[in-house]
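Student: Could you walk me through this one, starting with the charged side chains?

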Amino acid sequence: MSVAIAEQFGYAQDDAEDIAQDVMLKLWCLHEKMNDATHLKASVAITTRRVCIDKWRSTHILAEIKESMPVMDEDTQYDRLEFEELERWMDEQIDFLPSTSSIVLRMRQLEQRELSEIAEIIGIKQTSVSTLLSRARNELLKKLKRRNQQ
């Protein structure tokens, strides 16, 4: 069921299977609370849609950030220095974000933690984590675009 839903979202067979595995892991944590098959089917469908949307959003935003970054040929020392400077600049910009946004962004992007895990660690709702993450990414993207226009 999850694979079919993910394929409806336009994901290839391999990606759809990965999404289905993610969904099964998420639902396994809740399996004791589910008491009937109708509830389970609805939960699978809703969770699959949310995972597909999350995956699309993260790849979409990362693609925008990559498009905004200058093309680099790592063969030259100048390009390596420029890339290192860009990394330092990004770290500084992340530090300038509000503290919670900075923490959420680092946990998600650098530590590759799940949204539910971040929410549990920080002690806020998962929707709040998604909102903070989205705002932080958008703010960084705006700053990067401004920097590249100068």
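**Charged pairs and a charged patch**

Student: What is the relative accessible area of Arg-106?
Tutor: Arg-106 has a relative accessible area of 24%, so it counts as partly exposed, the class between buried (under 20%) and exposed (over 50%), with a 1.4 Å probe and protein chains only. This is a predicted model, in which local features need pLDDT of at least 70 and side-chain atom pairs pLDDT 80 or more, while totals for chains, interfaces and linings use all residues. Residues are numbered from 1 along each chain as its sequence is written, and side-chain values use heavy atoms, without hydrogens and water.

Student: Which residue does Arg-106 form a salt bridge with?
Tutor: Its partner is Asp-95, with the closest N and O atoms 2.6 Å apart; a salt bridge here is a side-chain nitrogen of Lys or Arg within 4 Å of a carboxyl oxygen of Asp or Glu. Arg-106 lies in helix 5 and Asp-95 in helix 4, so the pair ties together parts that are 11 residues apart in sequence. Helices are DSSP runs of H or I with at least four residues, strands runs of E with at least two, and both are numbered from the N terminus.

Student: And how many salt bridges in total?
Tutor: The count comes to 4. One of them joins the side chains of Glu-85 and Arg-147 at 2.3 Å, N to O. Because Glu-85 lies in helix 4 (residues 77–96) and Arg-147 in helix 7 (residues 126–149), that pair ties together parts 62 residues apart in sequence. Elsewhere, Glu-111, Arg-113 and Glu-117 are linked in a network of salt bridges.

Student: What about Arg-108, buried or exposed?
Tutor: Arg-108, found in helix 5 (residues 99–110), is buried yet has no salt bridge, and the nearest side chain of opposite charge, Glu-114, is 4.3 Å away. Beyond four places in sequence, Arg-108 touches residues including Leu-115, Ile-118 and Leu-133, contact meaning heavy atoms within 4.5 Å.

Student: Switching topic, which residues make up the negative patch?
Tutor: Glu-7, Asp-14, Asp-15, Glu-17, Asp-18 and Asp-22 gather there on the surface. Such a patch takes residues with over 30% relative accessible area and no salt bridge, joining like charges within 9 Å. Helix 2 (residues 13–28) gives the largest share, 5 residues.

Student: And the overall fold, how many helices and strands?
Tutor: The protein comes to 7 helices and 0 strands, and 31% of its 150 residues count as buried.

Key. Patch = residues over 30% accessible without salt bridge, like charges linked within 9 Å, V, L, I, M, F, W, Y side chains within 5 Å. Areas by Shrake-Rupley, 256 points an atom, 1.4 Å probe, with all protein chains shown as cover. Lys, Arg positive; Asp, Glu negative; His and termini not counted. Charge placed at Lys NZ, Arg CZ, Asp CG, Glu CD.
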